Amino acid sequence: MPASVRGAGGNRRRPWTPPIITITDTDAERDLVDLFGEGDFRTELADGEEPSPPPLPPEGDQSSTATSNGKSSSSETGNSRLPKIPTTVKEEKEEMLLHSAAAPPSDRRWATRRKTGVQRVGAARTRTATAPAQAAAPAAAPARPGAGRRVRVRPHSQMASPREREAAAAARAKDDTAVGYESDSAWDSVPSRYSDASGQWRARRATFFRNGDPWFQGLQMRFVPGRDFASLEALCAKISDRIDLPNGARYVFTMDGTRVRLIQELQDGSCYVCSSSRTFQKVPYGMKSLGRRTQPDPESTPRREKPRRHRVKPLSPVVRRGFGRTAGGGGSSSGGSGGSGGAPAEVTEPVDSGGKGGRRSGDGRVIKIVNNDDHSVQSRVLLNLKTCQPFEDVLLDLGQIIKVKNAAKMYTTWGQEVKSFSQLRNDFAETDTFYLSGGGQTTVRGTKVTTDTAFRTLEDRKLDKIMRRYNSEPTLPGKDRKAQPIRGRADSASVPSVGPRTSAERASEAEKPRIKVSLLGLTRTFYLPSRHPRVNPLPPDRRLKLDWVHGYRGVDTSHNLWLLPSGELLYFVATIAVLHNRRSDTQRHYTDHTADIQSMDLHPSRHVVASGQRAGPGSLYGAVRVWGVDRLDTLHLLAGGEFQMGVSALCFSIRNQGAHLLAVDDGEEHLMSVWTWQSQQLLGRVATHHDKIHGAKFHPMDNNLIVTYGKDHLSFWTRRRDGIFDAVDLFAGSARKTVLCVAFEVGGDLITGDNEGFITTWTIDNDGDYRKKHDFEAHSCPVSSLLLLSEITLLSGGEKDRRICAWDCGMDYDKRAETRLPEAAGGIRTLCPQKIGTNDGNIYAGTVKNMILEGSLMRRFHTVVFGHSRQLWGLAVCHEEESFVTAGHDRIVAKWSAKHKLLWKSPISSEGVACSIHPLDTVVAVGSQDGYLYIFKLSDGAQVGSFRVCGQPLNCISYSPGGDMLAIGAQTGSIYPYKVGRDGTVYVKFGPMQGSQPLTQLDWSVDGEYLRTVTSQHELVIWNKRAMGRDRAPYNLRDKHWMTHTCTVGYRILGAWPDLHFIRELGVWSDSYVDADKAKVLVTACRSFDHELLAVGDSEGGLQLYRYPCPLSKRDMPQCHSYTPQSAHVACTRFMRTDRHLVTVGGTDATLLQWRVV
């Protein structure tokens, strides 16, 4: 189409003339053909250009000859012809199109088929004939730089017609049939201005493996450096989204460990290893099965199938074998050596979830069972994992199939016993071969498995070599080696040896510095470090001061909340009486009790308090303490065996300004005694009832009239001058009920609330007989609390329906108002007015879930005090902030700040027993009673997910120092390690490490390679992460540094154990305890972050603060500061990040205490 040209002088239209283009090489000429079509060109030679002579044939080629004028003559054979030098524009165009068809696919743009054999030298092109004879030609002259041919392009209107184009294409096709080409390799050597660009933008294929994981099949990626990813960091960011690494892909290594620093260094078809750290782990990457690797070979063709996706496999390699089917019965396998004595045929299957050998489902599973005595007897069976038949009976049935008489035990190929269907479904989900035995005494790490060398095949030897090299599963010894039994005692003892020890070995063992300690009758050995630490036996300079008490005890006590004139709330938790000031947000504590407080009452003056404690480890009998609320000092103590089991009820008299004190013993006879507490004089004592007594009160108008109530019991007692009590049973002649609470009207009538939800008023007639005045149903559940706000208003609280009702005493107890507490608060335990002497309806409500709420009948209730309501065992502190997390049996996970605030709380579906916080403070892991692990966000408490670990409680949980692993110690005695990715949101199991005794504490080493645990029998066990089992050389780890110190057994903590003394005759330290149930043992321990303090808690509720380290010493035993916050176990204790606070939790009493280190 003609084009109009607008010049500077105006819009004058000029005729279009073809442009003149200088062609410097034939590649540019081909571009013109592609751009303008197949039209002719007007060709002009550039200045100084001469026509190129034809090329000469190779030396020694006798198939053709060249003439002096450049023309060639054919040889005698006549089978070939020399290429024709184009002389016209049309011939040059056809020559160019012909050669374009022979170009590689990446360079040709318009060819429809591929040919071979184009060779360029400079600016000349040569076609070689396929016939044996070739023509000779003179050598081509080198092209002058910058030289070229100028051509004028015709417009489309002047180009050839479609018919002419078809004729030209037919001529070219006919010409192509007569000419062949040698190879494509010649074209690659031709220099071109586009050759560098095509190599630069060519896509590269590389396979990336996860550092240290031999079972990861690799991630294949195709990319163009500079176009898809500008740098190696951008490529690593993409890899981090597709490969689970602890902190993402930060380093790239070659397969020999050389670090790759630039993206241009990545080669096409090569393999690399991605890592989060600078450490390269040399393992056989790409293991798909034994002896078979999916790692690509760099020398092979780049076209390769992508690896199939598969289930996540454990770190330890497990061989899955497909045995041939037996010829008949349970005899020898087919494809083998035919006879019963031949080796079984083994087929190694790739580890794939879809494989036939490993087909599993929720209901059934195909496994192979082998006779442990005769390995040729084997069978493949479909096992129903949801059968109602016991596991022992299933073993007997399986034994009949493979001819094992009285089959009682099943083992894995590496010698671990299978004890339940749950282990088959979870712990051994990737194992397909099991051995059946009749329960003999032969042991190879616990079982007789593949010990006969006659049945050890090439696959077995390969497995042994891989195991020994990469420290995965233990090697199974053969007959030439003596089997080594599993030790039943702790690995802290001397290292076991194979065979009898020589005298040199015994002398070397005796020279190792060590001490022997007998704990609960079992002697254990601990090795001394190579450099003895500096020990100071004096108590530490710093002490503990109780800072805050979280929670309130309402789960098992009543009448336990009062308001003081100062506005403080008075209640008790464990052995501590708490005075909580809501205005200043402070607490004061009375801590003179040595056992848990069981009852309490406030003097009518509201400045004196009487509190009774139960008998406990600190006191063989109950006691009553009378103390002042201003100075928190003890005024009087009523003890000395007066109370047997404890004090279940206390009450001050009202008529004589509280001069008398009533106390009810918690023994079998429930003795009631009346005292003048100031002079500690006993006025009288009487046995009340054989069942439980819930409380007792003085009549407000008579100091000698007392009412007691409890289970099937409601009686009035009149005390005479001689100290004898006369009793009147109000339930005589009527149905008995359990009375839970009482109150008195202004006129002296008695009001009672019972377990059937009824409120009853009792009055006395003129004859002195007691009778019912009113009786009505107030709640559909037990009435747990009664409060007389004024002369005409009575409040009642339901224990289960969470309702608070107001009744009009002057109108035959008509209901005035009603409200209900939130479901999370629980039922009502006690009611208390917010202001003394007022009737505004604002009250405090203590609940059965250990919470205190404030509100009224006209507005909502809000939480004032929150606490766990059931056993509390889980405790973990944050690493970056002053806060901590608790998890209890009440199925609540809560986060607290050091400023005494509840930050958040989240429910879980099972009882929490342990928790741990990720080192980056991103998530918190909570272990449950039923073996599930729950993951919560630390910021807001949102649940990330949950999964099942095992079927037993997860007693201890700890993240590794780097946060890339999580170790879980369970009641089964095993450790379940998990790889952790994405800051604690991804978990991959690769264990477990098998044990026998329940685990209670767990610590990581600083380098993250070892773990140590304490069992329920107070045994110290050290585990090797790489060997996936117990470490058998504790002497070599005596100088190991540990990230935390929560284990209650060890050389640096033995000085804190109670009642240890040295027996010189035996050379052993002993606690002299025979009965473990009555022994005083350490339950928890924690070392401060500055390694200067050690806090330990024992089984009798004691808390001690030592210097760290705290070893045993014959000269001076370590001294400490002792505290008694509770009488139950101190379940867990932890220092906070700055070492300025210490947090302790009580197991059975759900106590949560925060201490300040001063």
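The chain has an average pLDDT of 76, and 69% of its residues score at least 70. Which elements sit at the two ends of that scale? Strand 15, residues 321-323, has the lowest mean pLDDT, 29, while strand 58, residues 923-928, has the highest, 97.

Two stretches call for care. Residues 97-158 stay under 50 in pLDDT, and the model still has 183 contacts for them beyond four places in sequence. Residues 289-361 also stay under 50, with 170 such contacts. Where pLDDT is low, the predicted coordinates should not be read in detail.

On to helix 6, residues 232-242. Its buried residues are Leu232, Leu235, Cys236, Ile239 and Ser240. These residues span an arc of only 145 degrees around the axis, so they lie on the same side of helix 6. The general rule here is that an α-helix has 3.6 residues a turn, so residues three or four places apart point the same way. And what covers that buried set? The cover includes strands 8, 9, 10, 11 and 12.

Last stop, His699, which you'll find in strand 37, residues 693-699. Is His699 buried or exposed? With a relative accessible area of 9%, His699 counts as buried, because the cut-off is under 20%. Beyond four places in sequence, His699 touches Leu705, Phe716, Phe744 and Gly748. Ser653 is 46 residues away from His699 in sequence, yet their C-alpha atoms are 7.9 Å apart.

Thanks, everyone!

Conventions: Residues are numbered from 1 along each chain as its sequence is written. This is a predicted model: local features need pLDDT of at least 70, side-chain atom pairs count only at pLDDT 80 or more; totals for chains, interfaces and linings use all residues. Side-chain values use heavy atoms; hydrogens and water are left out. Helices (H or I, at least four residues) and strands (E, at least two) are DSSP runs, numbered from the N terminus. Buried means under 20% relative accessible area, exposed over 50%, partly exposed in between (1.4 Å probe, protein chains only). Contact means heavy atoms within 4.5 Å. pLDDT is the predictor's confidence in each residue, from 0 to 100. The arc is that of the directions from the helix axis to the C-beta atoms.
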